[in-house]
Amino acid sequence: MALRVLTRAMGSLSLTTPAVATLSSSLLPAAQVTSSTLLQLPSSSLLLLCRPVLTSVALSANFVSWKSRTKYTITPVKMRKSGGRNHTGRIQVHGIGGGHKQRYRMIDFLRFRPELEAKPGPFEEKVIVVRYDPCRSADIALVAGGSRKRWIIATENMQAGDIILNSDHIGRMAVAAREGDAHPLGALPVGTLINNVESEPGRGAQYIRAAGSGNVHGNSRPGIQR
Amino acid sequence: MALASGPARRALARPGPLGLGGCGTPTRGAYEWGVRSTRKPEPPPLDRVYEIPGLEPITYAGKMHFMPGLARPVFPPWDPGWTHPKFRRPTPIHEQPLYKDRACYVFHHRCRLLEGVKQALWLTKAKLIEGLPKKVLSLVDDPKNHIENQDERILNVIFHARLWHSTEDTPKRETYCPVIVDSLIQLCKSQILKHPSLARRICAKNYTLSTTWNRESFLLQVRGSSGAQLNTKDPLPAIASKEEVEATKNHVLETFYPISPTIDLQECNVYDVKDNTGFQEGYPYPYPHTLYFLETASLRPHRLQPDHLRAKMILFAFGNALAQARRLYGSDTKVLEQPVVVQSVGTDGRVFQFLVLQLNTTDLASNEGVKNLVWVDSDQLLYQHFWCRPVIKKKVVVEPVGPTGFQPETFRKFLALYLHGAV
């Protein structure tokens with residue numbers, strides 16, 4: 001009788017790959033193998049004929065930059081720290097992260113930016129207050145000219161109440177430069193200590209913006225000989 | 001040109017990012033706020049077919065699906081025929097009915113002027129005098145004007161406002177500041193029995209004010225509502241004599257170059273020029289007497305600094321006086337025969353600022369001529385500090401509950417300003 005059951009079972013079995021055979025044998029416990037050999041084949045073929053389905057998927061990086069404000073303002077703006085992560089969400093630079101929460105004050109690095117396009121000449125501004133900026137090593141100064149206020153990088157001896165000049169004029173004689181004024185490099189005498197330098201006129205300051213070492217209050221004073 | 005290849009040819013062909021900009025213009029401008037990834041993407045440009053005038057482009061609009069060779073159809077914006085009140089857009093500024101080309105600089109109750117009192121004086125063409133006028137100071141010292149048990153009653157008022165009035169341990173400024181001002185006015189009103197003409201007054205809250213004037217090519221406007229206003233049936237008499245008024249002709253207003261006098265004022269192109277005193281014609285109490293300004297914000301950055309508060313008091317008192325003068329004497333600019341006097345008290349519950357403004361002239365366009373007069377008494381403490389809970393060190397009460405550094409002088413000035421005009 002066992003042989004008859006076995007031959008009936010053997011007759012119903014067809015040639016399958018060893019992987020499927022092992023799979024089918026491992027699906028059910030060994031005690032029930034003989035009785036349910038008939039049922040194994042349809043399930044394994046169903047498994048064979050099924051389209052593979054993904055049951056898990058990797059998360060995509062939802063990175064939106066916090067720099068969405070298009071209009072200039074002097075009020076501090078909330079910012080999000082990067083922690084060294086780039087737009088994919090992975091660490092690109094190690095060692096960055098943590099620290100006190102900061103708000104960003106929008107700094108105007110293009111000093112010669114006349115308020116009204118109608119009056120293009122050099123203009124003066126008054127320093128209202130010099131304060132600490134958590135986002136950079138240098139202090140920043142709130143200056144007001146005409147009817148607009150803006151933040152700029154403060155130089156070492158800048159105090160509230162100073163008048164600073166922003167000019168784009170290059171004359172025949174070199175200008176007697178005062179601290180805090182902004183002139184084209186061609187108008188300054190050789191040997192003046194400068195900071196917040198732009199590589200071409202209208203680009204905005206990109207070089208020499210950090211604070212000097214020692215007492216923290218001001219900008220560094222590198223000497224540039226021309 | 002033929003020998004150049006690849007990047008060199010591109011560099012020669014279009015001056016741009018590779019450093020060969022045109023003469024004077026930078027290859028890249030200064031930083032523009034807002035990174036490109038957060039800006040809204042531009043709509044795709046129209047097909048070149050639309051640039052040819054008179055030609056009707058063949059689009060795939062009829063086919064109801066995209067077709068590679070045909071032009072992209074341009075549909076008119078869909079007008080659903082109705083707008084949900086939640087999602088109504090305001091009409092563009094240029095199409096609003098009150099739009100004007102000339103910009104108007106509006107001062108409202110939240111403006112903080114950068115130069116403070118100096119800027120307010122320039123805007124109102126006024127001369128500042130420290131200290132209250134002698135007439136008012138004589139009322140302060142006169143013992144006939146004092147209330148019986150005055151000091152005791154004021155201490156009760158302070159206790160009530162700062163401690164007893166609410167069930168919290170330490171009431172906030174929003175609660176105690178209006179209570180203290182209302183109680184002090186109530187104390188002043190108790191003098192009606194001695195001076196019956198005090199009954200010809202009324203206290204109004206939530207008033208609106210709007211006046212416009214020209215000041216050296218700027219159009220200025222004061223608008224808004226703030227605090228309480230005391231109105232009377234009879235106007236206040238002029239304080240400064242004619243000689244003093246004439247003497248102000250020699251006074252030169254302080255300018256603050258390079259800052260423009262309209263800094264921190266709201267610039268708008270949609271405005272209405274009419275004067276509004278806040279009350280209709282035929283109101284039984286037409287003359288403004290005193291304005292009360294309360295600084296009720298609990299957080300210090302939200303409160304106005306004393307300098308800004310004084311500037312706001314000057315401008316609102318001036319606005320009231322100007323509206324009154326225009327109502328009485330017409331809107332032409334001239335030197336007033338009967339100057340209009342308006343008083344003002346500003347407080348944050350502890351520190352008081354007193355102000356008396358005399359409007360001598362409505363000719364504000366030029367910088368010369370007669371100026372208006374402003375008497376300011378600033379930073380008068382009513383009490384230095386109030387302990388809501390006693391300070392106990394080593395089981396000994398060091399500071400009891402109550403105010404420290406109480407100055408009765410401040411309330412006497414408050415009372416004098418209240419009685420001025422009726423005594």
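What share of the 226 residues of chain A counts as buried?

## Basis of the model

This is a predicted model, in which local features need pLDDT of at least 70 and side-chain atom pairs count only at pLDDT 80 or more, while totals for chains, interfaces and linings use all residues. Residues are numbered from 1 along each chain as its sequence is written, chains are lettered from A and ligands numbered from 1 in the order in which they are written, and side-chain values use heavy atoms, with hydrogens and water left out.

## Chain A: overall make-up

In chain A, 29% of the 226 residues count as buried. Here buried means under 20% relative accessible area, exposed means over 50%, and partly exposed lies in between (1.4 Å probe, protein chains only).

Chain A has three helices and six strands, and its order along the sequence is α-α-α-β-β-β-β-β-β. Helices (H or I, at least four residues) and strands (E, at least two) are DSSP runs, numbered from the N terminus. An unreviewed UniProt entry assigns residues 84-166 of chain A the feature "domain: Large ribosomal subunit protein uL2 RNA-binding"; UniProt annotations may be inferred rather than shown by experiment. This span is 0% helix and 33% strand, and its end C-alpha atoms are 37 Å apart.

## Chain A: charged groups and backbone

A:Lys78, A:Lys101, A:Arg103 and A:Arg131 form a positive surface patch. Such a patch joins like charges within 9 Å, and nonpolar side chains (Val, Leu, Ile, Met, Phe, Trp, Tyr) within 5 Å, among residues with over 30% relative accessible area and no salt bridge. Lys and Arg count as positive, and the place of a charge is taken as NZ of Lys or CZ of Arg. The accessible areas come from the Shrake-Rupley method with a 1.4 Å probe.

A network of salt bridges links A:Asp108, A:Arg113, A:Glu125, A:Arg148 and A:Arg150. A salt bridge is a side-chain nitrogen of Lys or Arg within 4 Å of a carboxyl oxygen of Asp or Glu. Elsewhere in chain A, A:Ile208 has a positive phi near 55° although the residue is not glycine. A:Ile208 is in the segment after β6 (163-166) and is partly exposed at 26% relative accessibility.

## Salt bridges in chain B

Over all chains, the count comes to 23 salt bridges. One of these pairs is B:Arg310 with B:Asp379, at 3.6 Å from N to O. The pair links distant parts of the chain, 69 residues apart: B:Arg310 is in helix α7 (residues 306-329) and B:Asp379 in strand β11 (residues 372-381) of chain B. B:Arg310 is buried at 14% relative accessible area, whereas B:Asp379 is partly exposed at 40%.

B:Glu409 and B:Arg412 also form a salt bridge, with their closest N and O atoms 3.2 Å apart. Both residues lie in helix α8 (residues 408-419) of chain B, three residues apart, about one turn of the helix. B:Glu409 is partly exposed at 33% relative accessibility, as is B:Arg412 at 22%.

## Backbone features of chain B

The peptide bond between B:Tyr257 and B:Pro258 is cis, with omega about 5°. B:Pro258 is placed in the loop between α6 (242-247) and β7 (266-270) of chain B.

B:Asn149 is not a glycine, yet its phi is positive, at about 50°. B:Asn149 lies in the loop between α3 (134-141) and α4 (150-164) of chain B and counts as exposed at 51% relative accessibility.
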